Amino acid sequence: MSCSIIYEDVSFTYPNGTDALHQVNLTLRHGEHVALLGPNGAGKSTIMLLSNGILKPNQGRIVVGDLTLTADTLKPIRQRVGLVFQDPDDQLFMTTVHDDIAFGPLNRGLSAGEVEQRVADALEAVSLTHLSAKAPHDLSFGQKKRIALATVLAMQPDFLILDEPSSNLDPRGRRQMMELIRSIPSTVLIATHDLDMAWELLPRTIIIDGGQVVADGPTRELLADEVLMISHGLELPAVVKYS
Amino acid sequence: MHIPDGMLDTKTYTTLLAGAAGTVSYAGYWIRKNFDSGKIVLMAVLAALIFGLQMLNFPIAGGTSGHFGGSSLAGLLLGSWPGVIVMTAVLLVQAVFFGDGGITVLGANIINMGVIGCFVAPLVYQIFQRVNTSYISKVVGAAVGSFFAVVLSSIAVAIELWTSGSAQFTAALSAMVFWHVLIGIGEGIITGGIVAYIAKVRPQILEQGEQSTHSSLKSVTLVLAVLAILAAGLSFLASSFPDGLEYVYFEMGIGSAPIPESTVASPMADYLVPGVENEAIGTIGAGIIGAITTGVLLWALSALLTRKRKPQ
Amino acid sequence: MNPFNSLTPQSKLLGAVIMVVGIVVSAPHTAFSAGAVVLLVSALAIIAEARIGQMLLRSLVVLPVAGMLSLFYPLRFVAELTPAAFVTAYATYWQPMLALIVTPWLCVLVMMFLMEICTQEDILYAMECLHLPHILVLLLTFMFRYVDVMRYQLRASRRALVSRAPGLSARRQVMLYGNLAGSMLIRAYDQGERIHAAMLSRGYTGILPRLRSERMAVPDAIFLVCTIVFACGLLLYH
């Protein structure tokens with residue numbers, strides 16, 4: 001199955017007038033793990049929300065696989081594109097972990113048996129099977145983050161977009177999250193400030209600033225370019241700075 | 001004031017249950033017609049917030065405390081009908097899970113602490129807005145509206161207690177109103193304070209609320225008419241079997257000489273109420289009929305009017 | 001061997017409501033009828049291995065309000081506005097007053113027993129099965145999920161407030177608490193939008209899907225019949 005996600009000349013302005021994206025062109029190919037870097041307010045979250053139709057572009061179009069994103073294709077596209085937001089409390093809205101993970105598969109109309117299997121598999125993937133019956137507010141932050149990822153993994157999306165997956169995690173939690181991401185077979189786009197994680201985990205980087213793509217290439221090249229990084233509100237990753 | 005079970009008599013709580021069922025069902029229908037899933041999630045989060053804010057106690061004179069109600073805030077920010085649903089949810093949780101407020105009198109509590117606040121406060125607010133749309137007008141309108149909502153709901157409680165024969169009218173009224181004037185001041189200050197903050201920082205929220213209220217209040221006359229008919233019908237049904245206490249009460253009149261002990265129901269084991277044995281059976285009959293009627297109404301109305309939404 | 005485990009939550013909720021209605025309709029209670037209810041609930045609690053102490057403790061929540069409202073009852077029997085008349089009225093009619101307190105207490109005791117044999121999830125599921133309008137189910141689910149988050153935020157904001165402004169006048173304090181509540185509200189709104197985005201991303205159709213399906217069966221029927229019989233017994237005794 002051809003799985004790529006393409007942004008063609010996408011522009012978006014918020015209702016209150018804030019210009020978010022200006023003629024963005026991007027192609028993510030099947031199986032790529034890509035970092036999305038940029039200063040705050042550059043448009044990273046906007047790209048996320050446009051990917052599955054929560055926001056609609058003012059101009060341009062988004063193509064997921066062989067489907068163009070329109071009002072009619074929202075449902076199948078949302079099954080293929082999984083979003084994991086920054087704050088896990090925004091995504092764990094059911095009363096137990098099990099119900100949260102089952103939410104996506106159930107909405108898809110899967111049978112009870114299939115749903116249970118998906119839940120078990122997702123919990124297995126994040127190594128938290130023992131937390132199935134727990135309430136979200138009884139979890140630690142790191143556990144919440146992993147369960148939030150599990151809720152999306154259970155939908156078995158072809159494309160995964162994560163927003164700051166390593167933020168606010170302690171070193172061990174961060175390491176666990178990174179190993180988890182490494183093991184995901186689908187196409188992954190990660191919006192992050194964690195430059196060291198990008199360096200270590202993600203072979204390709206896209207830098208966006210002021211609503212436009214300003215760089216797109218191999219991570220080890222772009223992140224070592226000090227002038228490029230500094231001019232877009234970033235800096236050299238520690239691993240480059242101190243080597 | 002969360003009325004507990006047993007304080008209201010059959011015809012009162014039955015009528016109010018029917019009235020509340022009708023109101024809540026209509027509110028559910030209004031929401032399905034006018035609110036999208038985003039606004040509904042907003043209602044849910046606000047319900048959680050109001051439930052949490054109800055833990056806020058503020059001191060009233062004499063070492064006692066009142067707590068924040070929230071119906072005025074819900075009505076102002078969401079519109080009257082959505083506000084009713086939010087308060088129904090809060091009151092339902094309090095009654096079932098915490099024993100705060102009775103089960104049979106849930107209808108009464110919903111009307112007192114939900115419907116009244118969700119309509120009175122936005123109405124007063126709109127009146128203030130007609131006169132002057134300034135920032136101060138919004139804050140004062142919200143505060144005054146909340147105050148009146150609290151006082152009016154306390155009057156409703158007093159009336160309900162009186163028609164149930166649980167309390168003498170003037171005593172209940174003066175005590176309730178006095179108490180709730182103080183609580184109303186507290187609620188007015190808190191609601192006014194919240195509105196003041198929001199009007200400055202995120203006025204769109206208030207504007208959305210104003211729009212919802214505007215369309216909410218149009219349908220009020222229709223619903224009130226329906227409710228009045230329902231209420232009249234049920235109370236006619238239930239009051240043909242007068243309660244033991246009211247028989248005594250309405251026969252003997254208000255505030256008259258002390259009634260001989262033998263005609264008042266007493267908890268002593270071998271009591272008999274002379275001359276009212278039929279009334280006793282009548283009470284039982286009314287109770288059963290009232291409960292079944294209410295139950296059926298609640299079920300039918302909610303199942304009919306609030307069928308599950310079709311997938312988007 | 002806890003027979004309550006084989007009952008569905010729907011029948012437990014229905015049973016509790018039937019009991020409450022029975023208690024209310026057969027008020028005022030004599031010492032015997034009240035005692036019968038307490039005995040029944042205690043016996044069931046023992047069978048269900050419920051925490052009787054907890055139940056009793058939590059049932060006391062109704063006493064202040066019920067007590068206060070019951071104070072109104074003897075007022076109509078006050079012949080004249082003298083202290084002696086008040087004392088006579090209260091001394092003579094203390095039994096109906098007590099009855100006015102006992103009825104709600106019995107009802108809350110039954111509900112607290114229900115809370116012991118059901119989890120919050122159970123009751124929510126029971127309400128949904130009994131056709132509670134779906135919007136209320138949604139609201140209740142969110143309330144249970146997010147009230148702890150809200151309370152935590154409230155505490156954190158309060159702490160920040162107190163540490164930055166220790167010695168404030170009452171008026172300033174009130175204003176600051178208004179700001180606190182207002183900012184929490186705006187945060188709740190923003191969070192609501194994000195939650196909704198997350199729900200849509202996972203295919204939300206407007207209904208919360210549920211996996212659970214427990215149908216009522218013979219044990220439930222037996223339980224409900226017994227409950228109805230007991231309630232009728234209360235009524236007939238009255």
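Biologist: Is Ile194(B) buried or exposed?

Modeller: Happy to start there. This is a predicted model, where local features need pLDDT of at least 70, side-chain atom pairs count only at pLDDT 80 or more, and totals for chains, interfaces and linings use all residues. Residues are numbered from 1 along each chain as its sequence is written, chains are lettered from A and ligands numbered from 1 in the order in which they are written, and side-chain values use heavy atoms, leaving out hydrogens and water. With a relative accessible area of 0%, and buried meaning under 20%, exposed over 50% and partly exposed in between (1.4 Å probe, protein chains only), Ile194(B) is buried.

Biologist: Which residues is Ile194(B) in contact with, leaving aside its neighbours within four places in sequence?

Modeller: Ile194(B) lies in helix α7 (residues 169-201) of chain B; helices (H or I, at least four residues) and strands (E, at least two) are DSSP runs numbered from the N terminus. Contact means heavy atoms within 4.5 Å. On that rule the partners are Leu73(B), Gly178(C), Ala181(C), Gly182(C) and Leu185(C).

Biologist: Nice. How are the rings of Phe142(C) and Tyr146(C) arranged, and why?

Modeller: Rings of Phe, Tyr and Trp (its six-membered ring) pair if their centres lie within 6.5 Å; planes under 30 degrees apart count as stacked, over 60 as edge-to-face and the rest as tilted. Both residues are buried, and being four residues apart in helix α8 (residues 134-164) of chain C, they are separated by about one helical turn. Their centres are 5.7 Å apart and their planes at 40°, so the pair is tilted.

Biologist: Which residue lies over the face of Tyr146(C)?

Modeller: The rule asks for NZ of Lys or CZ of Arg within 6 Å of the ring centre and within 35 degrees of the ring normal. At 4.7 Å from the centre of the Tyr146(C) ring, the residue is Arg145(C).

Biologist: What is the N to O distance in the salt bridge of Asp89(A) and Arg145(C)?

Modeller: A salt bridge is a side-chain nitrogen of Lys or Arg within 4 Å of a carboxyl oxygen of Asp or Glu. Across the interface of chain C and chain A the rule finds three. For Asp89(A) and Arg145(C), the distance is 2.7 Å.

Biologist: How many residues of chain A are in contact with chain C?

Modeller: Glad you asked. On the side of chain C, 25 residues take part. Their partners in chain A number 30.
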